[in-house]
Amino acid sequence: MTTPPVPVNLVDKFAQFSDLWSQKTIARLNDYEVKLAKMKGEFIWHTHDDTDELFLVVRGRLTLQLRDGDVVLGPGELFVVPQGVEHCPVADEETDVLLLEPTGTPNTGDAGGPRTKAPEPLA
């Protein structure tokens with residue numbers, strides 16, 4: 001017997017974790033991962049030389065610092081950081097974000113370092 005298809009409830013998924021800056025994979029789309037992250041504070045400046053990166057704010061407010069100026073996102077807003085564009089996510093309050101990027105894309109891009117973490121699957 002097969003399992004019937006079930007939609008992914010983002011509110012329920014965000015309620016399953018509390019750690020900051022740790023990406024959780026909730027779905028796959030072709031060669032892409034749909035990931036969730038809770039963000040608060042400032043991350044690190046980095047680029048993704050081979051891919052764009054989509055940020056969609058579900059709750060809170062996220063500032064994407066870019067060398068050419070900041071992009072501020074509120075709930076329901078998204079922005080795609082083009083490949084090769086240096087950026088630094090900043091959240092003054094805890095912010096829930098959905099990310100879409102190719103499988104295997106490091107969260108710290110070209111910067112590497114101790115904040116690099118592989119995404120964890122979220123059941």
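**Inside the cavity and around the rings**

Sorted by class, the residues lining the largest cavity come out as 7 nonpolar, 4 polar and 1 charged. This is a predicted model, where local features need pLDDT of at least 70, side-chain atom pairs count only at pLDDT 80 or more, and totals for linings use all residues. Residues are numbered from 1 along each chain, and side-chain values use heavy atoms, without hydrogens or water.

**The cavity**
- There is 1 cavity of 30 Å³ or more here (a set of points on a 1 Å grid where a 1.4 Å probe fits but cannot get out).

**Ring pairs**
- The count is 2 aromatic pairs (ring centres within 6.5 Å; planes under 30 degrees apart are stacked, over 60 edge-to-face, the rest tilted).
- F14 and F17 have ring centres 6.0 Å apart and planes at 35°, so they make a tilted pair.
- W21 and F43 are stacked, because their centres lie 4.8 Å apart with planes at 20°.
- W21 and F43 sit 22 residues apart in the chain, so to speak in distant parts of it, and both are buried (under 20% relative accessible area, 1.4 Å probe, protein chains only).

**Charges over rings**
- K38 has its charged end over the ring of F17, 5.4 Å from the centre (the cut-offs are NZ of Lys or CZ of Arg within 6 Å of the ring centre and within 35 degrees of the ring normal).
- R67 lies over the face of W45, 3.7 Å from the ring centre.

How values were computed. On a 1 Å grid over the protein atoms alone, a cavity is a set of points where a 1.4 Å probe fits but cannot get out, and a pocket is an open set with protein on both sides within 12 Å along at least five of seven lines; lining residues have an atom within 4 Å of a point. Grid points are joined across faces, edges and corners, and a volume is the space filled by probe spheres set on the points. Ala, Val, Leu, Ile, Met, Phe, Trp, Tyr, Cys and Pro count as nonpolar, Asp, Glu, Lys and Arg as charged, and the others, Gly among them, as polar. Helices (H or I, at least four residues) and strands (E, at least two) are DSSP runs, numbered from the N terminus. Buried means under 20% relative accessible area, exposed over 50%, partly exposed in between (1.4 Å probe, protein chains only).
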